[in-house]
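Hi,

Here is the model I promised to send over.

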Amino acid sequence: MALRMWASSTANALKLSTSASRSALASPAFSLARSFSTVLEGFKYASSHEWVKHDGPVATIGITDHAQDHLGEVVFVELPEEGKSVSQGNSFGAVESVKATSDINSPISGEVVEVNTKLSESPGLINSSPYEDGWMIKVKPSNPSELESLMGAKEYTKFCEEEDASH
Amino acid sequence: MAVSQTRDLGLPLIKLLRLKGVPILQQLHLEERLLRTSSDNWCIINDGTIDPTIVMGISGKPQELLEIESILRDDIPVIRRFTGGGTVIVDQGTIFVTFICNKDAVPGLQSYPQPIMSWSSLLYKKVFQGIGDFRLRENGILRAWRPQVWRECESITKNRWVHHTSFLWDYEISNMGYLKLPKRAPEYRQARDHLEFICRMKDYISRSSFIDRTIEAVGSEFLLRSAELEDAHCTLGSKFEPSSRLLRKQELGEAIFKSLTASQS
């Protein structure tokens, strides 16, 4: 029996954006008939749907628009403390959305140097602004070459399309 | 229990672990360990838990969800579990059904909250088919049984997910008095208090019939293999520390203080 998961079988057309701001075409969170997820140029992406933006000595990490859309309304975020180590591919925290918690995995290894404290009072920033106000942690990378193993915007867009199409 | 050997049409294998009266904290620890350290699919059915226990989701705030003074007075344990979702009070009248699966175990199922809940909804629809007055209502993303006899919640990792459900086969009316009406509640709840919102499954189906029907429904999606608790413990890594825990009385006391402080400000 082929299961039809209608909540995720709605086609997710992905739109690339070259600006740092969200695409104006991105639908608001919680919309049942969502048609676009934003993917930003200049960011790197993990197959577990986290993004990383490397800026000098610090890399900022969050979850993608595709991820927040599939998770639903985020009601709680559990993040590590400053000074804690994170390692590539391993969980560093969790988001709670509609009856579920989902692990957040770090795209790179390093030391947490800053945590977005606004998320404790306003976890919904992850839905409304996944690439800006919804950032989660800033990390001092211990192995910058790990960034090369991550996907660029076009590759991640294709990855999401293939993932949605296969289900 | 007779495990069907006749269907092996490429169905994924699942280990069926049947428990009876295992304390809920022990069950949660087992589930989290299996989620994090096992690579097998598991279906755990725990027929009742020994003592009445309150189980909150990972982000639950006692001062918002619980009648703490009553809980402290009556010495009711309160657990914060590793999954999200709401608060339940469980006891020997609760039947627990948990799925712990690899992300690709169910063909076509994306390991996100809504798809997993939709999948479980379809499975339980088979269990309840033809039983009493239960009607499955699709309500946009959320769906509700009217009245409600279960609470469900999930945890999703990179490669696996767990979906556990507490079925209220029976419950003590007095126990519901320990729970407050949640601030954040689905629309279908319509601000009803717990006793209006839920009903006893025992009025519709026997305990053994429910469990048998659930196993049969699972068997339509998976190839079942019976397992024992010792089998589950053998597969577990020794270093993993589960995060579900019992809240200390001091923490509950502090929650009362927070509640009083908030109301005064």
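A salt bridge here is a side-chain nitrogen of Lys or Arg within 4 Å of a carboxyl oxygen of Asp or Glu. Asp47(B) makes one with Lys20(B), the closest N and O atoms being 3.3 Å apart. Asp47(B) sits in strand β2 of chain B and Lys20(B) in strand β1, so the pair ties together parts 27 residues apart in sequence. (Strands are DSSP runs of E, at least two residues; helices are runs of H or I, at least four; both are numbered from the N terminus.)

Asp47(B) also meets Arg207(B), at 2.6 Å from N to O. Arg207(B) belongs to helix α7 (residues 207-219) of chain B, so this link joins parts 160 residues apart in sequence. Shared partners put Lys20(B), Asp47(B) and Arg207(B) into one network.

How exposed or buried are they? Asp47(B) is buried at 14% relative accessible area, while Lys20(B) is exposed at 64%. (Buried is under 20%, exposed over 50%, partly exposed in between, with a 1.4 Å probe and protein chains only.)

Over in chain A, 6 of the 6 residues of strand β9 (residues 100-105) are buried, so the rest of the structure largely encloses it.

Some housekeeping: this is a predicted model, where local features need pLDDT of at least 70, side-chain atom pairs count only at pLDDT 80 or more, and totals for chains, interfaces and linings use all residues. Residues are numbered from 1 along each chain as its sequence is written, chains are lettered from A and ligands numbered from 1 in the order written, and side-chain values use heavy atoms, leaving out hydrogens and water.

Cheers
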